[in-house]
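Hello,

Here is the structure I promised to pass on to you. Please open it and keep it beside this email while you read, and then follow along with my notes below.

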Amino acid sequence: MEMDGLERKAKASGASQLVIKDLKEEFVRDFIFPCLRAGAVYERKYLLGTSMARPVIAKAMVEVAKEVGADAVSHGCTGKGNDQVRFELTFFALNPELKVVAPWREWDIQGREDAIEYAKKHNVPVSVSKRSIYSRDRNLWHLSHEGDILEDPTNEPKKEMYMLTVDPEDAPNQPEYVEIGIASGMPVSINGNDLSPASLLSVLNEIGGRHGIGRMDMVENRLVGMKSRGVYETPGGTILYAAVQELESLTLDRETMQVKDMLALKYAELVYAGRWFDPLRDSMDAFMEKVTESTTGSVTLKLYKGSVTVASRKSPNSLYREEISSFETGRIYNQADATGFIRLYGLPTRVRAMLQRSI
């Protein structure tokens, strides 16, 4: 269990009290699902697993600080990473009077080996060793891997490094179909069974994990300016992103989808940069909520050896009409009308060609 030994570790670190809060439902409902609804993806790949987790943790820290009367909070983030910004911007937003203690920036700790030595010297139990110094972040959405051999982008990740997903080569030889029910852009059910947000994600993690879904390797641009290489496992999240986007193909018109996709890039950038409580993200979220009001229905996905493909999609609000799109009928759409449309739509092209021929 991840919580085993935490109190002993806290006391060994000098704490007088350990407070544990169950934030799973809040995390998925109020942080993960809004990002999912927005379609937020950082730099084409990253589904923001760590980025979304920091503000919910920092929010709880501010709440506990108020409960116990603390005037300061602390975090163990390095001085080179993004997390220090994510934590501290949340502290600033929710209680700007709190003092922030950041040991990696203030003490003589230059790297993870220094941190391990410090822990050993002060009898603080840690789970990593000098032989395997992967930096991992795990939550309900994902598991990230950084450091060790991954610091060289020419190195292929080792098979035994992965913890949430089986190797696609070892996944079942038969595909599995899973139906995701969605209401106004938010997942609500699996195979017809309504589930709470955290329960739904947990089930999909197990399903996706056994089919090798959601592995991703990328070199990303950190907020502090440097590039870093990370490997991510996001089995349930990868399934959910595919489901929501496929349903939107039925329920959103072209212009709305284009604007939503453009704003999703900015949304992802704000979340990655730790600006969850920024008024801009809050305003963009209101837009995302409005435009996905009609994104209700279900999507059936086929999972097979690391791949996710759509098998079926349906919505009571679908803008797709077979009687219009079919090649076999023409009662609503008169194909002859296309002639005038093309001539008007192509007018700039014709004028430009006429000009070039006259030169």
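**What I found**

Leaving out residues up to four places away in sequence, Leu200 touches Phe33, Pro187, Val188, Ser189, Ile190, Leu195 and Leu240. Before you go looking for them, please keep in mind that this is a predicted model. Leu200 belongs to helix 7. Is Leu200 buried or exposed? Its relative accessibility is 0%, and because buried means under 20% relative accessible area, Leu200 counts as buried.

Ser202 is partly exposed, with a relative accessible area of 32%. How far is Ser202 from Tyr333 in space? The C-alpha atoms of the two are 46 Å apart, and in sequence they are separated by 131 residues.

**The whole chain**

Let's zoom out. The protein chain has 359 residues, and 41% of them count as buried. Its secondary structure comes to 13 helices and 11 strands. Along its principal axes, the C-alpha trace spans about 80 × 55 × 45 Å.

If you look at contacts between residues at least 6 apart in sequence, 70% of them join residues at least 24 apart. As for charge, there are 46 positive and 51 negative side chains, and the centres of these two sets lie 3 Å apart.

**Domains**

The chain is divided into domain 1, residues 6-314, and domain 2, residues 323-357. Taken over C-alpha atoms, the centres of domain 1 and domain 2 are separated by 46 Å.

There is also a record to compare with your view. An unreviewed UniProt entry places the feature "domain: Arginosuccinate synthase-like N-terminal" at residues 2-125. In the model, that span is 55% helix and 5% strand, and its end C-alpha atoms lie 13 Å apart.

Where is Phe277? You will find Phe277 in the loop between helix 9 (254-272) and helix 10 (279-291). Phe277 is partly exposed, at a relative accessible area of 32%. Apart from its neighbours within four places in sequence, Phe277 is in contact with Phe31, Pro55, Lys59, Thr90, Ala93 and Leu94. His211, by contrast, is 66 residues from Phe277 in sequence and 36 Å from it in space, C-alpha to C-alpha.

The other two are worth a look for their backbone angles. Most residues other than glycine have a negative phi. Leu48, however, has a positive phi, near 65°. Leu48 is in the loop between helix 2 (24-38) and helix 3 (49-68), and with a relative accessible area of 0% Leu48 is buried.

Ser184 has a positive phi too, near 50°. Its place is in the loop between strand 5 (176-183) and strand 6 (186-190). Is Ser184 buried or partly exposed? With a relative accessible area of 32%, Ser184 is partly exposed.

Note on methods: Residues numbered from 1 in each chain as written. Heavy atoms only, no water. Helix = DSSP H or I, 4+ residues; strand = E, 2+ residues; numbered from the N terminus. Buried < 20%, exposed > 50% of the residue type's maximum accessible area, 1.4 Å probe, protein only. Contact = heavy atoms within 4.5 Å. Lys, Arg positive; Asp, Glu negative; His and termini not counted. Charge placed at Lys NZ, Arg CZ, Asp CG, Glu CD. UniProt positions renumbered as here; feature names shortened; annotations may be inferred. Domains from an automatic or database assignment.
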